[in-house]
Structure formats: C-alpha cells, structure tokens
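Q: I have not seen this one before. Can you walk me through it?
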Amino acid sequence: MSPSILSLSIAFVAVCFALFTSTEARPHQRQGSSTSPDFLAAYTVPLSNGTATLPSPAAGTCLKALTLGRGTQNYTCADSTAISTPVSIGAVATLFDASPLLPFLPPMEGQEILDILPSYLVSFPYAALENSSLPVKGHHFFNSAVVPVFDLTSTGVGLLVGTKVGDIAAPTGSTPGPNGVGPGAVDWLALGAISGSSGISQGYRVFTAGGKPPKTCQGQAPTIEVQYAAQYWFYG
C-alpha cells in the first residue's frame, strides 16, 4: 500500500521541525553518535534509478551510517569560452547524521521521506543547517591525489578512501539545483574502499540534488562551486 499524502505530510512536518530546531534549543542532540542505531537495520540503500542499478552491498556487511550530505561540487575552467568545458576537481560536503530523524518517521514511510530531503536541503542555507539539531557525522572532501575521502572517524564509524565501482544517472525529474534551478543532479555512485580506509568498506551516493556544472565555460570564473545535496550510505 502506498503512503497516504496526509501521513507523509505529517511526517515531513516532523522532520522539518527536527531540522529547523536550533542547537541552542536542543543541544543534547548535536553530538554525532559513535554507534549505528539498531533501527538502521530496517533501511536499505536504494540502488535503482528506474532503468539502471548500482551493485549491492557485499554480503556480510551492515549499514553503519546514513547521512545527508550538503556542500559543493567543484570544477575548473581553462578559459571562459564556449569551447571549454568544466573539469571536476572534487567536492566538499558536511555529512549530517540522518538517524535522529528516523524516530519522527512512520516505519513504513521513513524511506520515502528521506528520499525527498536532499531536494529540500539543496535550497536550505548551509549556515542554518550547521545550526540545526542534526548532528555532524563526518566530512567529505578530495585529497591531494583527487581521490574522494569520507572521514567519519570522529564519530567512531571509520574512514572511506573511495574508488568508483558503480555510476548511474540521477533519475529523470531529480532536483537540478537550489530552488529547482540548475544544470542538473549529479550521478548516483557506488564506492569501494582502497588503501587508507578503515571501518568502512563501501559507500553510496544516491538521491542527489544539484551539483552538475554548466555545459560550457562560457562566462564562467576559473573555478566553479555548484551547490548540491545527497544521501550518503556507509557499509562495513
């Protein structure tokens, strides 16, 4: 049975309350948990965009963290002409712990609510998010070798130095950028662990919103930061 519009609306209002309540009002919830809540076992990473599928988590692994990433995808332009195209130089994002939101969500409808959150977060002011009651679970960045890193060591989850093992387009209709305007949503990814990783063996980026660069460099600055949001799932 599909979720009712009313129940989804009530659940979404509850989640918004959790997001918008400041750390001053609810300081006890700001610190990220160092353990994976038992109720995470009820959630499974979405793998299909409707036409293609990412590889499944390896047998024997479990979900260690479910986060909402908010930051920028970064690009560079050799010049500002229409002949040049933006080249990716990585991304920077804060990974907010989604698990405190789960008790607000109806058990059968929690996944559907989580799936639409990146579409709202990409338009939500980053400074306000940092001052919300959502704990910071970790940080995403690219190292000097332009390799993606997900550092969740401060909350006891681990460190993923990633390599891409799966890549599919974001579904048609994904939010293209803040306020519904932008070049498009970046791909969904499956990531494996390489040397330097600890505690995390696989990661997924799904339900992306924004992040794609302009089609050409015409009129662009040498570096471009494109706002994005996504779900990030970590297994180990």
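A: This is a predicted model. A place to start is the largest nonpolar core, which has 32 residues.

Q: Which residues have the most contacts inside that core?
A: Those are Y43, V45, L54, L114, Y204, V206 and W233.

Q: And which elements each supply at least two residues of this core?
A: β1 (63-76), α2 (110-121), β6, β7 (202-210) and β8 (223-235) do. The element that gives the most is α2, with 4 residues.

Q: What is L54 in contact with, leaving aside its neighbours within four places in sequence?
A: L54 is in contact with L47, G166, D167, I168, W188, L189, A190, Y204 and V206. There is also a second, separate core of 14 residues, and A91, L152, V157 and L191 are among them.

Q: How are the strands arranged?
A: They form a closed barrel of 8 strands, in the order β1-β2-β3-β4-β5-β6-β7-β8, and the pairing is antiparallel. From one strand to the next, the twist averages 30°.

Q: How many bridges join β6 to β7?
A: There are 4 bridges, and the two strands run antiparallel. As one example, G192 has Q202 in β7 as its bridge partner.

Q: Which strands does α2 lie across?
A: α2 lies across β1, β7 and β8, and runs at about 165° to β8.

Q: Changing topic, where is P183?
A: P183 sits in the loop between β5 (158-168) and β6 (188-193).

Q: Why call P183 partly exposed?
A: Because its relative accessible area is 49%, and the exposed class needs over 50%. Beyond its neighbours within four places in sequence, P183 is in contact with P176, K212, P213 and P214.

Methods
Residues are numbered from 1 along each chain as its sequence is written. This is a predicted model: local features need pLDDT of at least 70, side-chain atom pairs count only at pLDDT 80 or more; totals for chains, interfaces and linings use all residues. Side-chain values use heavy atoms; hydrogens and water are left out. Buried means under 20% relative accessible area, exposed over 50%, partly exposed in between (1.4 Å probe, protein chains only). Contact means heavy atoms within 4.5 Å. A nonpolar core is a set of buried Ala, Val, Leu, Ile, Met, Phe, Trp, Tyr and Cys residues joined through side-chain atoms within 4.5 Å. Two strands pair if DSSP finds at least two bridges between them. Axes are lines fitted to C-alpha atoms, for helices over the stretch in contact, and angles run from 0 to 180 degrees between N-to-C directions.
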